[in-house]
Amino acid sequence: LHVRSRRQRQMCIRDRFNMDLARQAVRQSEELLITEGYMDVISLSQAGFLNSVATMGTAFTSDHLRQIKRITRHVKLVFDGDRAGQDAMSRAMDRLIDESSLSTEAVIIPEGGDPDDWIKRSGKAGFQTLLDKSKSYYDFKKAYLAYSYNLSLDNEKAQYIEQLIKTVALIPSSICLLYTSPSPRDATLSR
């Protein structure tokens, strides 16, 4: 049995996410680009997108979320455009929204491509266009779920709508945040 120390686990998280190199650029841009693989990060960094990190194919953990929340409140997921990448993006977005209430958007790579290939083919300006067209959590999930159902059938349309309702329920509302966040006023009332 191999037991890792806390320091070793922290190093693994940093290496996996490339946070050590991206941290300053993320703070300056107030935005973190999360990709699936290290080649995506290398290509994005070479094109000037220094605020990019990679999940290295792993799921988001609570440690990853805490680390992200320390440096930014805005995340753009830049996963592969194929079905597997979109499935991974859907799961990641659900977790980011549900557990961290970070502002989360999806960058869709056309033609099922990946960020590495897209930036090599379209350049910095082409990739920036994709970033500018990023989709909100709701808009991404609406399109993603529509692809999963045959909306010409009433029963599948009903299932689609049920899933959309679950999606909307995950979106942090300012009213919920107002009543679930401790305020200085609450502290004075408890005395």
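1. Met-19 counts as buried because its relative accessibility is 0%, where buried means under 20% relative accessible area, exposed over 50% and partly exposed in between, with a 1.4 Å probe and protein chains only. Met-19 belongs to helix 2, residues 19–29, with helices (H or I, at least four residues) and strands (E, at least two) taken as DSSP runs numbered from the N terminus. Between the C-alpha atoms of Met-19 and Ala-54 there are 8.9 Å in space, although 35 residues separate the two in sequence.

2. This is a predicted model, in which local features need pLDDT of at least 70 and side-chain atom pairs count only at pLDDT 80 or more, while totals for chains, interfaces and linings use all residues. Residues are numbered from 1 along each chain as its sequence is written, and side-chain values use heavy atoms, leaving out hydrogens and water.

3. The largest nonpolar core has 28 residues, of which Ile-34, Phe-60, Ile-68, Leu-77 and Phe-79 touch the most other members; such a core is a set of buried Ala, Val, Leu, Ile, Met, Phe, Trp, Tyr and Cys residues joined through side-chain atoms within 4.5 Å. Two or more residues each come from helix 2, strand 1 (32–35), helix 4 (62–71), strand 3 (74–78), helix 5 (83–100), helix 7 (137–148) and helix 8 (154–170). Helix 5 gives the most, with six residues. Another core, of 11 residues, lies apart from it and includes Phe-49, Ile-119, Leu-130 and Leu-131.

4. Thr-167, in helix 8, is likewise classed as buried because its relative accessibility is 3%. Leaving aside residues up to four places away in sequence, Thr-167 touches Tyr-137, Tyr-138, Lys-141 and Leu-145, contact meaning heavy atoms within 4.5 Å.
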